[in-house]
Amino acid sequence: MTGKLWDIWIVGGGLAALCAAISARRMGASVVVAEAAPRHRRGGNTRQSRNLRIRHDAPGALFPGTYSQADFLADLNTASKGEGDATLSRLLVERSADLPDWLAGQGVVFQTTGIPESRKTAFFLGGGMAALNALYATAERLGVHILYDHPVNELRLDRLPARAVIACCGGHQADLSHGCINRGTPFATGDVLRSLLAQGVAAMGRADAGHLVAVDARSPDHDGGIVTRVDGMRHGMVVDAAGRRFQDETAITGQTRYAVWGRLVAERPGRWAALVLDADGIREAPTGIFPPLQAASLAEMANMLGGDAGSLEHAAQECGRVRRPPFFAFPIRPGITFTCLGVKVDGTARLVTADGSVCANVFAAGMIMAANVLGTGYLAGGGMTIGAVFGRIAGEEAARHVLG
């Protein structure tokens, strides 16, 4: 690489980066992908993903039913609480329609049997890691140069490493100062994001916002993924560190329950809680990746959890679902899926500065710019679609810029 001026330098190694790299390379640009992770941990949060949200006007092999542009835009507006950029939201929805075909053309295989009941999303066969492996193979075959163990801690707008740069390196969820367990990649430190904002790039979203879910407190600091989620609260009771209930467990239902419990636990002292179940409840609750704590009495369980026995026994009486020994518990902390601070982009995925000017040769795709569309909200499968759609746009526009 010494002495060569590359056309495009891409920071990051997940779905957005690979879609950008493949798109740019197919247009004839020379491309480098700088991935902070070693090869066996490549791929960012895509490693923990499994589906894309796709607009489609007719049922097909990947989807039952239809999901119109109006439906998709309505869901985006609800998720973002109206904070999403209308032009970029329409662009996302329009460009999502051909994603399955385009990704399949790059070697990605989609699940067509045993699909979860969703008319809105397409699922990767083998999950995000299988999709990543296919995309990396295609990128390498096309001549994209991959640098592993290559973190980029600063991106200077006045001293770029190539004719154009695309930032696809996520948010700042791996900075554990937020006090949550990071469910995703440990390499999303936010260094490039902070560097760009410090140089006058306009910010979108909020630094103190993120998508939270309730996870087992024994999870690793990073990379736990979906298997660390705690569920089954309606079959028992959830208590804080003092052994007190703080929510009617049966009132939280539906797919949003994970996020609601994540927020509620984050609001508790020490950002900690515990799900307590009795001998009947443990049979009804979903199996967790970690074995439950077990005690012969509530007093013993309180001792194990470090709470007050009287408070725990009172909570059980109040709840009415925790009666028959033995008793079981899962300690809980909030797990963060992604953060909601990003950079502003225009319809060509170029960075926009605080004074409204556009950076001609610096682009962004993926979670580092997702707040343009999602605000501080969450939409299942939406993050992957944002990465793929704006990754392709950034790759195409960067290639046009450098090739003339």
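View 1. At 23% relative accessibility, arginine 95 counts as partly exposed, a class lying between buried (under 20% relative accessible area) and exposed (over 50%), with a 1.4 Å probe and protein chains only. This is a predicted model, in which local features need pLDDT of at least 70 and side-chain atom pairs count only at pLDDT 80 or more, while totals for chains, interfaces and linings use all residues. Residues are numbered from 1 along each chain as its sequence is written, and side-chain values use heavy atoms, leaving out hydrogens and water. The side chain of arginine 95 meets that of glutamate 396 in a salt bridge (3.3 Å, N to O), a term for a side-chain nitrogen of Lys or Arg within 4 Å of a carboxyl oxygen of Asp or Glu. Glutamate 396 is buried, at a relative accessible area of 16%.

**View 2. Helix 3 packed against helix 12.** Helix 3 (residues 86-96) and helix 12 (residues 382-403) pack at an angle of about 95 degrees, with their axes 10 Å apart; axes are lines fitted to C-alpha atoms over the stretch in contact, and angles run from 0 to 180 degrees between N-to-C directions. The two helices, which are DSSP runs (H or I) of at least four residues numbered from the N terminus, are therefore roughly perpendicular to each other, as angles of 65 to 115 degrees are called.

**View 3. Arginine 156 with aspartate 158.** These two side chains meet in a salt bridge of 2.7 Å, N to O. Arginine 156 is partly exposed, with a relative accessible area of 26%, whereas aspartate 158, at 57%, counts as exposed.

Notes
Angles under 35 degrees count as roughly parallel, over 145 as roughly antiparallel, 65 to 115 as roughly perpendicular and the rest as oblique.
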